[in-house]
Amino acid sequence: MRVALAVVPAVSAVVGVDVSNSVSESEFSCLRTPGGQGAVEFVIARVYQSVGDVDPDGAQTIKNAKAAGIQNVDGYIFPCVSCGDAAGQVSATVDHLRSSGADFGMLWYDIENYHWGSQGSNQAFIKEMVDEGKKLGIKAGIYTNYNNWATIVGAGWNYPASQGLPVWYAHYDGSASFSDFGAFGGWSKPNIKQYLGDKSSCGVGVDYNWYPAGEDVVV
C-alpha cells in the first residue's frame, strides 16, 4: 500500500486506492482532489496478472501516479497458482518494474480465493513468493482477509507474518476503521483496510483503502 518503506508516524487518516487498469497522470491528479472518500494519498497498482504475466499497464500506472504527485505508490501481484514457479512470478515482476523505471514502495501478494490447490501446496507457493521477495531485497505484504486465508492456507498458518510481512485486509463494510479486524495468520494488527470495492471516481474504477491517524505505518 504505500511506498518509501520506512516506519513513520501517521499524522492524519490516509485514504488510498488500488487499481487494476491503466490510470493516466491526469486521472490521478483528479483523484488527488477532495471529494467522495477524500483526496487520494496512496496508490496500489496491479503489476502481475492471474493469467501468468506481468501487467502491461502496471509500471506506467505507477509512474503516472508519481508524476501526479502521489508519493506513496505500491504494486500488487495477483499470482497464477496453476502456472507454478511462484518465485519466478515475483522476480519477473520486480525485474519489469525496475527496468521500466517504476519506483515502487512495496509489493503486496494478493491471496484471495481463485484457483488455489490444497492448503499444503498453497502454503508452499506463498512461502516461495515470500522467500523470493526477501532474496530480492524488496518490502512486501499480504493482501487477504480471514475467510480467504482460512480457506487457502488455514487460519493459523503464520509464515508471512513470522517473516515480518504486514497484512492489508478486505472488508467492504464502508467503515474506515480497524474495529472489525480479528486476529488470524499471526497478525494481531492490520496495516491497511480495503473498505469499499468496485467504485468509480474521476472516471477510474477503484477500490478504496484506508489507514488511521496516530499510528506508525509501514510505507
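Predicted model: local features only at pLDDT ≥ 70, side-chain atom pairs only at ≥ 80, totals over all residues.

Trainee: Why is Asp85 called exposed?
Mentor: Asp85 has a relative accessible area of 51%. Exposed means over 50%. So Asp85 is exposed, as its 51% shows.

Trainee: Where does Asp85 lie?
Mentor: In the loop between β5 and α3.

Trainee: Why is Cys202 called partly exposed?
Mentor: Its relative accessible area is 31%. Cys202 sits in the loop between β9 (192–201) and β10 (204–211). Its phi is positive too, near 55 degrees, and the residue is not glycine.

Trainee: What makes Thr61 buried?
Mentor: Thr61 has a relative accessible area of 2%. Buried means under 20%. Therefore Thr61 counts as buried. Thr61 belongs to helix α2 (residues 58–67).

Trainee: What is Thr61 in contact with, leaving aside neighbours within four places in sequence?
Mentor: Val19, Asn21, Ser22, Val23, Phe28 and Ala45.

Trainee: Which residues of α2 are buried?
Mentor: Gly58, Ala59, Thr61, Ile62, Asn64 and Ala65. The buried residues of α2 pack against β2 (14–19), α1 (25–31), β3, β5 (72–77) and α3. After α2 comes Gly69, with a positive phi near 100 degrees.

Trainee: How do you know that Ala87 is buried?
Mentor: Its relative accessibility is 15%. The cut-off is under 20%. So Ala87 passes as buried. Ala87 is placed in helix α3. Setting aside residues up to four places away in sequence, Ala87 touches Glu128 and Glu132.

Trainee: How do helices α3 and α4 meet?
Mentor: The axes of α3 (residues 86–99) and α4 (residues 119–136) come within 7 Å and cross at roughly 35 degrees. The crossing is right-handed. From α3, the residues involved are Ala86, Ala87, Gln89, Val90, Ser91, Val94 and Arg98. From α4, they are Phe125, Glu128, Met129, Glu132, Gly133 and Leu136. By class, this contact has seven nonpolar, three polar and three charged residues.

Trainee: What makes a group of residues a nonpolar core?
Mentor: Its members are buried residues of the nonpolar list, joined through side-chain atoms within 4.5 Å. Here the largest nonpolar core has 56 residues. Those with the most contacts inside it are Tyr109, Ile126 and Trp149. Strand β3 (residues 40–49) gives the most to this core, with five residues. Apart from this core lies another, of 12 residues, among them Phe42, Tyr76, Trp108 and Ile192.

Trainee: What does Trp149 touch, not counting residues up to four places away in sequence?
Mentor: Its contacts include Ile111, Ile126, Ile142, Phe184 and Trp187. Gly154 and Pro160 are also among them.

Trainee: Where do nonpolar side chains tend to be in soluble globular proteins?
Mentor: They tend to be buried together.

Methods: Residues numbered from 1 in each chain as written. Heavy atoms only, no water. Buried < 20%, exposed > 50% of the residue type's maximum accessible area, 1.4 Å probe, protein only. Helix = DSSP H or I, 4+ residues; strand = E, 2+ residues; numbered from the N terminus. Contact = heavy atoms within 4.5 Å. Axes fitted to C-alpha atoms, helices over the stretch in contact; angles between N-to-C directions. Left-handed = near helix turned anticlockwise from the far one by under 90°. Nonpolar A, V, L, I, M, F, W, Y, C, P; charged D, E, K, R; others polar.
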